[in-house]
Amino acid sequence: MIGIVGGGLAGLAAAYRLQQHGYDAHIFEAADELGGLAATYETNGDPIEKYYHHLSKTERTIVELAEELGVADQLEWRIGENAYYVDGVVHPLDKPWEIAAYPHLSLYDKFRLGMLTLDVDVRGGIPKFDTYENLEEFEDVPIKEFVVEHTSRGVYENFFRPLLEAKFGSRKEDVSAAWLLGRVKFRGERDLLKGEYLGYFRGSFDTFVDPLVEAVGREHVTTGARVTEVGVEDGAVESLTVETADGETTHDAEAVVVAAMPNVLESLTGYPCDIDFQGSVCAVVGMEEPLTDTYWLNIADEAPFGALIEHTNFVPPERYGDEHLLYVASYIQDPSEDLWQMSDEAVEETWLAGVEEMFPQFDRDSVTWFEVARNPRTAPVYERGYLDMVVPYDLADEVADGVYYAGMASRAQYPERSLNGAIEAGYECANGVARKSNQ
Ligand SMILES: Cc1cc2nc3c(=O)[nH]c(=O)nc-3n(C[C@H](O)[C@H](O)[C@H](O)COP(=O)(O)OP(=O)(O)OC[C@H]3O[C@@H](n4cnc5c(N)ncnc54)[C@H](O)[C@@H]3O)c2cc1C
């Protein structure tokens with residue numbers, strides 16, 4: 001048996017591909033449900049992810065898997081509109097005339113920002129088209145230094161700095177220019193007159209995860225089962241120990257794929273990973289009325305959260321029994337932060353007060369439900385030198401023969417962690433197992 005630690009997308013994809021290679025793969029998932037960070041809540045209509053999710057047109061592996069599972073026709077591509085909240089005003093920022101009208105960047109700043117997003121280096125007045133080809137050259141370049149040199153100080157201060165603050169908080173100056181360039185390239189197809197197309201499954205990501213679980217086979221999954229030990233004998237994996245409500249059991253295993261955060265890998269195998277992770281606190285707010293008319297609202301002003309993502313301006317409210325659904329979200333750098341320490345009730349009070357302050361017309365009585373999800377490790381800090389810290393898929397040399405890693409600290413989850421990256425990491429490990437036994 002090949003044991004898989006974790007039943008998120010990476011673990012499910014690893015199991016699926018291992019089975020295709022003819023292996024007996026079994027997933028052990030500590031939680032009571034599968035899907036990991038892509039798990040959902042029930043609503044009055046379709047389920048909704050606990051943490052906001054969408055796909056970019058650049059992501060192909062998940063679409064190919066959806067095709068194999070027969071659910072590609074349920075994948076819808078919709079425009080996800082963006083706006084920036086600055087000095088109490090919502091500025092839409094998708095269409096050329098909206099960008100032209102945006103008052104917080106000069107015409108020169110907009111030109112320099114536009115060129116960077118088109119991958120064109122205009123420093124020195126002669127356009128160069130290959131400067132940003134090799135991301136690794138920018139791994140050690142501090143993001144602020146890069147943006148100021150390659151665009152302008154105005155672009156950094158009035159555009160990127162507030163976004164970086166929301167995404168990386170106190171760690172924003174540690175992030176590498178390679179990450180930013182990777183994000184620019186990661187952006188998918190845009191309709192010049194409307195904005196970027198984002199993917200979402202009709203009926204939530206459950207529409208994709210459920211058939212994947214069925215394809216793996218419920219009999220090959222145990223939930224409520226935390227892997228506590230990987231047994232190694234003569235430099236090779238030989239067993240897994242699993243803790244369930246009924247006690248501890250040890251299973252023979254010829255290999256193990258750890259498809260969880262690197263702290264889990266370290267506790268099971270001793271392999272240390274130096275990547276720092278941020279946590280998330282993310283609420284879904286059910287409302288009788290819409291709050292804004294944009295999907296993704298970045299916030300430059302002081303606010304007790306990082307972003308407001310109004311899901312029902314992306315997927316229509318009719319799918320949710322006519323309720324409007326808003327994500328209120330914030331990253332945390334350290335569990336000592338006030339937000340992490342707050343009870344769910346205190347988060348609700350603080351965040352709804354923050355929404356009221358930004359939108360005086362917001363009526364708290366229109367809130368029908370408020371659910372908070374939190375997780376201490378949800379995104380890597382893509383700091384300088386990140387690629388040197390990435391965990392290899394095959395840890396035979398570092399730990400023992402038969403130890404594989406498909407979690408968020410793997411290469412496929414760079415420059416942004418995603419469901420697509422999780423699937424690719426799972427596949428890489430499964431293919432690695434198969435390659436080795438064919439040698
Ligand atoms: C706020 C937020 C927004 C996001 N937005 C997007 C988006 O728009 N688009 C996108 O593509 N991606 C997005 N992502 C990222 C995406 O959710 C992740 O990249 C992906 O779900 C990671 O999958 P995984 O299987 O690697 O990890 P996880 O989903 O974390 O799964 C790991 C699993 O391992 C289990 N586990 C841990 N320890 C053990 C143990 N000892 N034994 C057994 N099981 C264990 C956990 O319970 C968990 O279920 C977002 C994530 C967050 C938090």
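User: In which loop does Pro 415 lie?

Analyst: Quick heads-up: this is a predicted model, where local features need pLDDT of at least 70 and side-chain atom pairs count only at pLDDT 80 or more, while totals for chains, interfaces and linings use all residues. Residues are numbered from 1 along each chain as its sequence is written, and side-chain values use heavy atoms, with hydrogens and water left out. Helices (H or I, at least four residues) and strands (E, at least two) are DSSP runs numbered from the N terminus. With those labels, Pro 415 sits in the loop between strand 21 and helix 13.

User: What is omega near for the peptide bond from Tyr 414 to Pro 415?

Analyst: Stay in that loop between strand 21 and helix 13, where Pro 415 lies. The bond running from Tyr 414 to Pro 415 is cis, and its omega is near 5 degrees.

User: Are helix 4 and helix 6 roughly parallel or roughly perpendicular to each other?

Analyst: The axes (lines fitted to C-alpha atoms, for helices over the stretch in contact, with angles from 0 to 180 degrees between N-to-C directions) of helix 4 (residues 107-117) and helix 6 (residues 153-168) come within 9 Å and cross at roughly 70 degrees. Angles under 35 degrees count as roughly parallel, over 145 as roughly antiparallel, 65 to 115 as roughly perpendicular and the rest as oblique. Helix 4 and helix 6 are therefore roughly perpendicular.

User: What is the bridge partner of Ile 4 in strand 15?

Analyst: Strand 1 (residues 2-5) runs parallel to strand 15 (residues 255-258), and 4 bridges join them. Across from Ile 4, the partner in strand 15 is Val 257.

User: How many disulfides does a search of the whole structure find?

Analyst: A disulfide is a pair of cysteine sulfur atoms within 2.5 Å. Cys 429 is in none, and its nearest cysteine sulfur, that of Cys 273, is 14 Å away. For the whole structure, the number of disulfides is 0.

User: Does Asp 322 count as buried or exposed?

Analyst: Asp 322 is in the loop between strand 18 (307-310) and strand 19 (324-332), and has a positive phi of about 70 degrees although it is not a glycine. Buried means under 20% relative accessible area, exposed over 50%, partly exposed in between (1.4 Å probe, protein chains only). With a relative accessible area of 52%, Asp 322 is exposed.

User: What does Asp 119 count as at 21% relative accessibility?

Analyst: Asp 119 is in the loop between helix 4 and helix 5 (143-150). Its phi is positive, about 70 degrees, although Asp 119 is not a glycine. At 21% relative accessibility, Asp 119 counts as partly exposed.

How values were computed. Pairing = 2+ DSSP bridges.
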